[in-house]
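Open the model in your viewer and keep the selection tool at hand. We will go stop by stop.

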Amino acid sequence: MTDGKLLSFVQKLTHLIEQNPSEEIIFVEGKALLENLISVDDWLPEEFTKPHPQHYQQYLLYADPLDRFSVVSFVWGPGQTTPVHNHTVWGMVGQLRGEEKGTHYHQQPDGSYQAGTIVISSPGHVDTVSPSSHDIHEVANNHNDQTSISIHVYGANIGKVERTTYDPDTGLEKKFTSGYANTVAPKL
Ligand code: FE
């Protein structure tokens, strides 16, 4: 059980998405809903907070039946990091626990990718990604001695979306589909 907070978030977000809002509206109204969800860290069931010793974990918390959005718990063990990757749909990243370091990457004329803006996210902070402006980034646990957790919301069932990783030095692209670490989502 998630004490009704996740259910309430999903209900409000569903009402918002039903209005077919622009990305701009989602990043204002949807972001406010996510800020509210992550404002108190007392609702995420323990089985969706567990890190993996080798790599970060993605637990599906809710998938909209029409694939219009999904809610995922990302759990980072000490020092764990993503490859440089894209999303292809809008995304919001809300910090629940610990601290994450997000680095935006930009393609250069020679095909390589160079690091740009760096955002350190503390609990309560919501960052965004968007294919129309800033879709390629790398995320890392900003702590080497503790777990960090963020709640991600995407404009699709993100575990099913074919995406791309980039070697920043050569620009070499690789396709991937993330899936989820869990087979059963939490009871809302
Ligand atoms: Fe990402």
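Two strands pair if DSSP finds at least two bridges between them. Helices (H or I, at least four residues) and strands (E, at least two) are DSSP runs, numbered from the N terminus. This model is predicted: local features need pLDDT of at least 70, side-chain atom pairs count only at pLDDT 80 or more, and totals for chains, interfaces and linings use all residues. Residues are numbered from 1 along each chain as its sequence is written, and side-chain values use heavy atoms, without hydrogens and water.

**Stop 1: the sheet.** Select S1, S2, S9, S4 and S7, in that order. They form an open sheet of 5 strands with antiparallel pairing. S1 (57–63) and S7 (126–129) stand at the edges with a single partner strand each, so one side of each has no neighbour in the sheet.

Now zoom in on S1 and S2 (residues 70–76), which pair over 6 bridges. Which residue in S2 is the bridge partner of glutamine 58? Phenylalanine 74 is.

**Stop 2: the iron ion.** Select His85, His87 and His137. The NE2 atom of each is a donor, 2.1 Å from the iron ion. Donors are N, O and S atoms within 2.8 Å of the metal (3.2 Å for Na, K and Ca); water is not among the atoms, so sites may look incomplete. Along the chain the donor spacing reads H-x1-H-x49-H.

Are histidine 85 and histidine 87 buried or exposed? Both are buried (under 20% relative accessible area; exposed is over 50%, partly exposed in between, with a 1.4 Å probe and protein chains only).
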